[in-house]
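Dear colleague,

I am handing over the structure below, and I would be grateful if you could look through it before reading my notes, which follow it.

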Amino acid sequence: MVKELTGSYKIRYHANCLDNEPVEIDFTPPFRKIDMLSELEEVANISIPRDLSSEAANKYFLDVCEEFDVKCPPPQTTTRLLDKVTSCLTKACFCVTIVFGHFVEVNCIKPTFIINHPEIMSPLAKSHRSEPGLTELFNLFFTSSYLTFLQLCDAYTELNDPTAQRERFAEQLKDRQLGDDEATVCDESFITALEYGLPPTGGLGMGIHRLTMLLTDSLNVNEVILFPAMRPQ
């Protein structure tokens, strides 16, 4: 679509306002694929515990945050610590969420798939069929500047096992009780629906407005929404 609309796989986007030089975003296929934990280990030179639900894993990420000066305000659950580290290492070194966002999300001027997210970060995604502790989930990210990265697409195989889904919700509840408002609540009606049966299912969501912003060199999403929310007079 980018090639059809612009005549090239490469576009220029004023990520840091119109007064600054635009950045070039290269949509030439195929896009790069990055394994989330493996890339984080390589970029940060760390060795992530395989059992991310353990107390040892939580202590490990606390130490990683301290080593790299990554700020993660309470509650310091493993999910939040991993997310912070990812985001920060991304901005410092590469392109994905506060441990993963720190190291991996920034090198994505070329759109990049981040694959194989941990189960503790993906409560609705099905477990990976060959990698224990991971899920069949990917995000499509790109960065428009050194400190700005956007998620364009989110997709995963739906978890359709009601027993496993209840266990995931129970783990999320523990984080929520510690004060993590972003942790998923237990949805009993959803579990009941799964007990009746859900066939193998995959879902994908794409940020059409974000893509439109890129293609039209718009800095504010309200410029590309057909019916933007208006402030009351």
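The expected span of a helix is taken as 1.5 Å times one less than its number of residues. Please bear in mind that this is a predicted model.

With that definition in hand, helix α6, which runs over residues 162-177 and has 16 residues, reaches 22 Å from its first C-alpha to its last, close to the 22 Å expected. Its buried residues are Pro162, Gln165, Arg168, Phe169, Gln172 and Asp175.

After α6 comes glycine 179, whose phi is positive, near 115°.

I then turned to the aromatic rings, where pairs count if the ring centres lie within 6.5 Å, and by this rule there are four aromatic pairs. In one of them, the rings of phenylalanine 31 and phenylalanine 113 have centres 6.0 Å apart and planes at 40°, so the pair is tilted. Phenylalanine 31 is partly exposed, with a relative accessible area of 23%, and phenylalanine 113, at 21% relative accessibility, also counts as partly exposed. Both residues belong to a cluster in which ring pairs link Phe27, Phe31, Phe113 and Phe138.

Terms used:
Residues are numbered from 1 along each chain as its sequence is written. This is a predicted model: local features need pLDDT of at least 70, side-chain atom pairs count only at pLDDT 80 or more; totals for chains, interfaces and linings use all residues. Side-chain values use heavy atoms; hydrogens and water are left out. Helices (H or I, at least four residues) and strands (E, at least two) are DSSP runs, numbered from the N terminus. Buried means under 20% relative accessible area, exposed over 50%, partly exposed in between (1.4 Å probe, protein chains only). Rings of Phe, Tyr and Trp (its six-membered ring) pair if their centres lie within 6.5 Å; planes under 30 degrees apart count as stacked, over 60 as edge-to-face and the rest as tilted.
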